[in-house]
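Take a walk through this protein chain, from its overall division down to single side chains. Keep the viewer open as you read.

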Amino acid sequence: MNKDCVLLAIESSCDETSAAVLKNGEILSNLIANQQIHAQYGGVVPELASREHQKNIVPVVSEALKKAQVQLHDLNAVAFTQGPGLMGSLLVGTSFAKGLALALHLPLIEVNHLEAHVLAHFIPEYLPDGTLKPQPKLPFLCLTVSGGHTQIVLVKDYLSMEIIGETQDDAVGEAFDKTAKLLGLPYPGGPLIDKYAQHGNPHAFTFAKTTMPNLDFSFSGIKTAILYFLQSQTQKNPQFIQEHLADICASIQKTLVDMLMAKLIQAAEQSNIKQIAIAGGVAANSALRQALQKEGQAREWQVFIPKLEYCTDNAAMIAMAAYFKYQKGLFASQRTSPYARLQ
Ligand code: KG4
Ligand code: ZN
């Protein structure tokens with residue numbers, strides 16, 4: 001009965017092709033192939049993304065198995081990201097997982113990409129003294145912030161989550177990337193804003209924030225405010241961006257992080273929950289990580305910040321989410337298909 005569980009997981013929802021191998025809840029390998037091709041277009045081109053996934057998927061899966069020292073016949077299940085994401089990209093991972101599961105007579109596990117970002121917190125990590133890094137206790141709140149989503153999630157159980165607030169327009173990652181584009185920075189601009197902001201003054205410029213009722217967010221207004229600000233400044237001084245890049249980046253980053261933190265604090269107060277986590281690509285942002293630590297200390301929260309490798313898209317989080325489903329016997333049929341939007 002106490003048989004090993006060896007899972008292969010595949011993530012292909014956007015522009016990262018990733019494969020991971022998990023054994024009994026521990027990650028043995030997590031390989032990620034980034035697609036550089038999109039940088040020249042200033043954003044992800046869906047058709048090119050799916051073609052890149054087709055090129056990458058076999059080598060990435062082979063490498064993940066090799067690194068984990070696992071053979072195909074050792075596998076007990078195959079997991080894949082079902083959605084949300086780009087349909088063409090999702091189809092590559094889904095078709096590959098279905099084909100492999102069919103050929104090897106293995107159960108198939110479908111994973112919701114956003115739940116997986118949250119469940120990345122349960123990937124075991126070890127402290128230098130060999131003890132397990134603390135993990136959130138249920139129920140907890142998770143601010144999931146990525147290029148496609150901005151949500152505050154009430155995590156009641158590993159597979160039972162409620163979205164209690166979310167963006168009504170752009171995702172915060174989009175706000176980072178689109179404002180970076182206005183500054184002439186290549187895609188994805190979020191990490192570059194973070195980098196330049198290190199040497200800038202976050203109080204140099206202020207941008208009017210859009211306020212939303214309840215726990216929802218809106219980021220499209222801030223993008224427009226920054227556009228008008230840059231247009232008026234560069235009319236006066238064409239070198240404005242080059243001369244003030246660090247201060248502009250620091251000010252944009254502060255505005256976005258303040259908007260996120262305000263709602264997270266509100267959610268924590270309303271729900272009286274002190275276990276607070278962040279997840280998703282924007283959880284890699286250094287100012288957000290610092291702000292969470294600071295508020296956590298002031299408000300006696302226990303905060304959970306994933307390792308950088310598990311913030312941006314990766315298959316280890318898909319494997320972890322799949323492991324919870326595997327333990328409950330929640331398998332998909334061969335008729336499963338991906339979905340682009342959250343259902
Ligand atoms: O979770 P993710 O890899 O993909 C989606 O599911 O969307 O998130 C990607 C997003 C991009 O918008 C990227 O610019 C942003 O995460 N990002 C960052 C940082 N690292 C990644 N944004 C701000 N600061 C960072 N350090
Ligand atoms: Zn993601």
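The paragraphs below take the domains, then the salt bridges, then one asparagine.

The model is predicted. Start with the layout. The contact draws on 18 residues from domain 1 and 22 residues from domain 2.

Now look at what that contact is made of. About 1,800 Å² is buried between domain 1 and domain 2, and carbon and sulfur atoms give 77% of this area. On the domain 1 side, three residues lose the most area to domain 2: Val118, His121 and Cys311. Together they account for 34% of what that side buries. What of charge pairing across the interface? The rule finds 0 salt bridges between domain 1 and domain 2. Polar contacts join 2 residue pairs there, with both residues at pLDDT 80 or more.

Which elements supply the domain 1 side? Helices α3 (113–119) and α9 (315–327) are the elements that each give two or more residues to the side touching domain 2. The largest share, 5 residues, comes from α3. Sorted by class, this side of domain 1 has 10 nonpolar, 5 polar and 3 charged residues.

Side chains of opposite charge can pair when their charged atoms come close. The structure holds 13 salt bridges. One of them joins aspartate 4 and lysine 23, with N to O at 3.8 Å. Aspartate 4 sits in the segment before β1 (6–11), lysine 23 sits in strand β2 (residues 16–23), and the two are 19 residues apart. How accessible are these partners? Aspartate 4 has 39% relative accessibility, so it counts as partly exposed. Lysine 23 is partly exposed too, because its relative accessible area is 33%.

A second bridge spans another part of the chain. Aspartate 170 and lysine 223 meet at 2.8 Å, N to O. Aspartate 170 lies in the loop between β8 (160–166) and α4 (172–182), while lysine 223 belongs to helix α6 (residues 220–236), 53 residues apart. Aspartate 170 counts as buried, because its relative accessibility is 10% and the cut-off for buried is under 20%.

Lysine 307 is partly exposed at a relative accessible area of 36%. Glutamate 309 is also partly exposed, at 33% relative accessibility. Elsewhere, salt bridges that share partners join Asp170, Glu174, Lys178 and Lys223 into one network.

Finish with asparagine 30. This residue lies in strand β3 (residues 26–34). Is asparagine 30 buried or exposed? With a relative accessible area of 11%, asparagine 30 is buried. Its side chain reaches two backbone nitrogens: that of alanine 315 at 3.4 Å, and that of alanine 316 at 3.1 Å. Beyond its neighbours within four places in sequence, asparagine 30 is in contact with Ser18, Ala19 and Ala20, and with Glu309, Tyr310, Asn314, Ala315 and Ala316.

Notes:
Residues are numbered from 1 along each chain as its sequence is written. Chains are lettered from A and ligands numbered from 1 in the order in which they are written. This is a predicted model: local features need pLDDT of at least 70, side-chain atom pairs count only at pLDDT 80 or more; totals for chains, interfaces and linings use all residues. Side-chain values use heavy atoms; hydrogens and water are left out. Contact means heavy atoms within 4.5 Å. Buried area is the accessible area (1.4 Å probe) that two parts lose on being put together, summed over both. A salt bridge is a side-chain nitrogen of Lys or Arg within 4 Å of a carboxyl oxygen of Asp or Glu. A polar contact is a pair of N or O atoms within 3.5 Å; within protein, one must be able to donate a hydrogen and the other to accept it, and residues adjacent in sequence count only if both atoms are side-chain atoms. Helices (H or I, at least four residues) and strands (E, at least two) are DSSP runs, numbered from the N terminus. Ala, Val, Leu, Ile, Met, Phe, Trp, Tyr, Cys and Pro count as nonpolar, Asp, Glu, Lys and Arg as charged, and the others, Gly among them, as polar. Buried means under 20% relative accessible area, exposed over 50%, partly exposed in between (1.4 Å probe, protein chains only).
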